Amino acid sequence: MTAATETDLLANVPDGLFIAGRWQAADDAATLDVRDPATGAVVKTIASASVADGARALDAAVEAFPAWAATPARVRGEILRRAFDLLQERTEEFALLMTIEMGKPLAEARGEVAYGGEFLRWFSEEAPRISGRYGANPEGTGRMIVSQHPVGPCFLITPWNFPLAMATRKIAPALAAGCTVVIKPAELTPLTTLYFARLLQDAGLPHGVVNVITTSESGAVSEPIIRDPRLRKLSFTGSTPVGVRLLQQAAEGVLRTSMELGGNAPFVVFDDADLDKAVDGAMAAKFRNIGQACTAANRFIVHRSVAEEFARRVTERVQGFRIGRGTEEGVTIGPLIDERAVAKAEQLVADAVSRGATVRTGGAALDGPGTFYEPTVVADVAPGSDILREEIFGPVLAIIPFDSEDDAVRLANDTEYGLVSYVFTENLARGQRMIERLETGMMGLNVGVVSNAASPFGGWKKSGLGREGGAEGIAEYLETKYTLTPDPFA
């Protein structure tokens, strides 16, 4: 990938706010810098929205809502389908842009384009399938009509780790349902969302249906939008502490909310597991996106009889990774998003080692430029270690042994989070028991990746509320109305 190619692409990315179908500077002309985490260099300076800009974006969404809600579902679906087709044509552009601003290897970025695009295709097909029901009431005195209606203007807040997929996973069902949106991408990776807004323009989306505000003052800009009585839906993906604060703000207006929050995924390997499958699954579940995913396996709970062999095999695989800037050929591990992420990985590994764990490979930050941390395997992690309680969000694979199925369940459920779990066993009955016993909203049984646009994504406990994707995903943007009519034969 040449420097000229990157320069040309970045020049084509809008640097303004997208409000009411128009690209514009921030109200106070404020800006923010976007950096490449692999080099630390500023790659683009863009507008940083003020509170007034946020209000104008919501004004635009409110104004556009009646017409968009009345737009035939087939038309809404066709616009989403055109967006899907355009995204396929521009795969290389979006993949490179994500690699530049987020750091993931280019091959993984292409995978995100494919994954993110599927939400556009899936919900383009769901739009005309919004349905209700009709029937006599039990007493036979009238007829019940149950209908679905768009909830209204929505505020969508996306994280930095999947800049495209998290935007499409929220925007697509909202638009399919007939809602309008204001979306605020993460300050660290806003360029992909800006570029996607331009794609939506090209797909023929009417003005004001999607509005994009980028800002370095997230809390100050977001709170007035959330507290505005015209807003009817909030969807957030990010940390649990921030999600709790947003829920408190949303309570005042009794907003519909979807919260995809933190994770602490257990990866359980039983003594009867196919270790080849388990190791392949571990590589995908842990090191996808450099470990920076809420679905990343955090705690590798491995039966004591196979723990050493599992540790040996994963260590061998991890030592074969190539670290570098994601645009370089053959790179499998890019940089972490910033210095704070590196410091957290260092702290968690140091704590585990202080309690008796052994570093099998890696375990150190790399000298700059860039924010790189070695892919790491830590074995024999002791109960109570910080690495078992906190979300790592980095390329660190931590192994803790267990002796019985009950032990595995206890260790897996010993967390306030409940997003996803992974289980490897060749025993069908055991697999079914684990489905029943593990306290997570999703589970991978003998697979290391569960995300799919056609499936409901979401967690239990402090991992969040609501679901994204699948038939359940569009329901989050619909209100149900029940109407009773007199018996037409009376």
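Colleague: Which residues lie nearest the centre of the second largest pocket?

Modeller: A pocket is read through its lining residues, those with an atom within 4 Å of a pocket point. In this predicted model, the second largest pocket has 13 lining residues, and Arg35, Pro37, Leu188, Ile337 and Asp338 are nearest its centre. Its volume is about 190 Å³. Strand 3 (residues 31-35) supplies the largest share of that lining, three residues. By class, the lining comprises six charged, four nonpolar and three polar residues.

Colleague: How many residues line the largest pocket?

Modeller: The lining of the largest pocket has 41 residues, with Trp160, Phe236, Gly238, Ser239 and Val242 nearest the centre. Two or more residues each come from helix 8 (218-227), strand 10 (233-237), helix 9 (240-251) and helix 12 (339-354). Helix 9 contributes the most, six residues. The space amounts to about 1,100 Å³, and its lining divides into 17 nonpolar, 15 polar and nine charged residues.

Colleague: Let us turn to a single residue. Is Asn211 to be called buried or exposed?

Modeller: The term buried applies under 20% relative accessible area. Asn211 has a value of 0%, and is therefore buried. This residue belongs to strand 9 (residues 210-212).

Colleague: What lies 2.9 Å from a polar atom of the Asn211 side chain?

Modeller: The backbone oxygen of Gly208 is at that distance, 2.9 Å. Leaving aside residues up to four places away in sequence, Asn211 also touches several others, including Phe18, Ala57, Val181 and Ile183.

Notes
Residues numbered from 1 in each chain as written. Predicted model: local features only at pLDDT ≥ 70, side-chain atom pairs only at ≥ 80, totals over all residues. Heavy atoms only, no water. 1 Å grid on protein atoms, 1.4 Å probe; cavity = no way out; pocket = protein on both sides within 12 Å on 5 of 7 lines; lining within 4 Å. Points joined across faces, edges and corners; volume = space filled by probe spheres on them. Helix = DSSP H or I, 4+ residues; strand = E, 2+ residues; numbered from the N terminus. Nonpolar A, V, L, I, M, F, W, Y, C, P; charged D, E, K, R; others polar. Buried < 20%, exposed > 50% of the residue type's maximum accessible area, 1.4 Å probe, protein only. Polar contact = N/O pair within 3.5 Å; in protein donor to acceptor, adjacent residues only side chain to side chain. Contact = heavy atoms within 4.5 Å.
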